[in-house]
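Welcome to this structure. Here are a few notes to read alongside it, point by point.

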Amino acid sequence: MSITTSPYHGVFFDLDGTLADTAPDLVAATNQLLIARNLAPKPYEFLRPHASAGARGLLEGAFGIKSDHPDFIPLRDEFYANYESALLVHSKLFDGTDHLLEQMEKANLPWGIVTNKSERFTNPLTDLMGLRQRAVSTVSGDTTPYSKPHPEPILHAARIANIDPKKSIYVGDDIRDVIAGKAAGMLTVAAAYGYCGCKEPPTLWGADYIINHPLDLLQIIFPNRG
């Protein structure tokens, strides 16, 4: 199957639930909190969708508390310590993702990462996974003063890469990814294979495309692929 040129100048991805399946280690760090308090760990299938919203979502799923609860900050800090000590135990790229990235690289189509994960975790994790060395830009939730659904992190990633956002694609597994991508002027793709933790299903996010597997993206970025 030959590679043709893409009408797009760049592709930007969310990290957790889009490029990488990080939920196993995020859920493990959350269940450590419960076990330390002599509480029963939550089933993986229950907590997995909450991984899309990071510590906030996982703590709400595990303890039923929101970010304004007095116990939230100490629990969050303990969760961070748990997670930081075991970033890459069971996490891995989604099946097909490495092939997808290789095909883009062969076609000289640059790609980057825009995540709401903080740099404290993004940088070591993407280093360990061999992603940050390949990406044209890696922007975290605290790289700019804003996080998604604000478009600034995506626009910042495009500026770093010197890529026109209006000729780019943003791919993510949460409605805030679609909101941010659209606000940045990018074509948006909903990754329905991801965590999709928000109440609305991907069909209601307003994305330009929905994909059910990472390799489905190839038909979008290389529409004339033969």
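1. Which residues are buried in α4? Keep in mind that this is a predicted model. In α4, the buried residues are F72, L75, F79, N82 and Y83. Looking down the axis of α4, you will find these buried residues within an arc of 90 degrees, so they line one face of the helix.

2. Next, the length of this helix. α4 is made of 13 residues, and the distance from its first C-alpha to its last is 18 Å. That is close to the 18 Å expected at 1.5 Å a residue.

3. Now turn to α3, which spans residues 54-63. Here A55, G57, L58, L59, G61 and A62 are buried. The buried residues of α3 pack against α1 (23-36), α2 (44-47) and α4 (72-84). Do look just past the end of α3 as well: G64 has a positive phi there, of about 70 degrees.

4. The strands deserve a visit too. Six of them, a set of 6 strands, form an open sheet with parallel pairing, in the order β5-β4-β1-β6-β7-β8. At the edges sit β5 (138-139) and β8 (209-211), each of which pairs on one side only.

5. Finally, follow the sheet to β8. Strand β7, residues 187-191, runs parallel to β8 and is joined to it by 3 bridges. To find your place there, look for V189, which stands opposite Y209 in β8.

Methods:
Residues numbered from 1 in each chain as written. Predicted model: local features only at pLDDT ≥ 70, side-chain atom pairs only at ≥ 80, totals over all residues. Heavy atoms only, no water. Buried < 20%, exposed > 50% of the residue type's maximum accessible area, 1.4 Å probe, protein only. Helix = DSSP H or I, 4+ residues; strand = E, 2+ residues; numbered from the N terminus. Contact = heavy atoms within 4.5 Å. Expected span 1.5 Å × (residues − 1). Arc of directions from axis to C-beta. Pairing = 2+ DSSP bridges.
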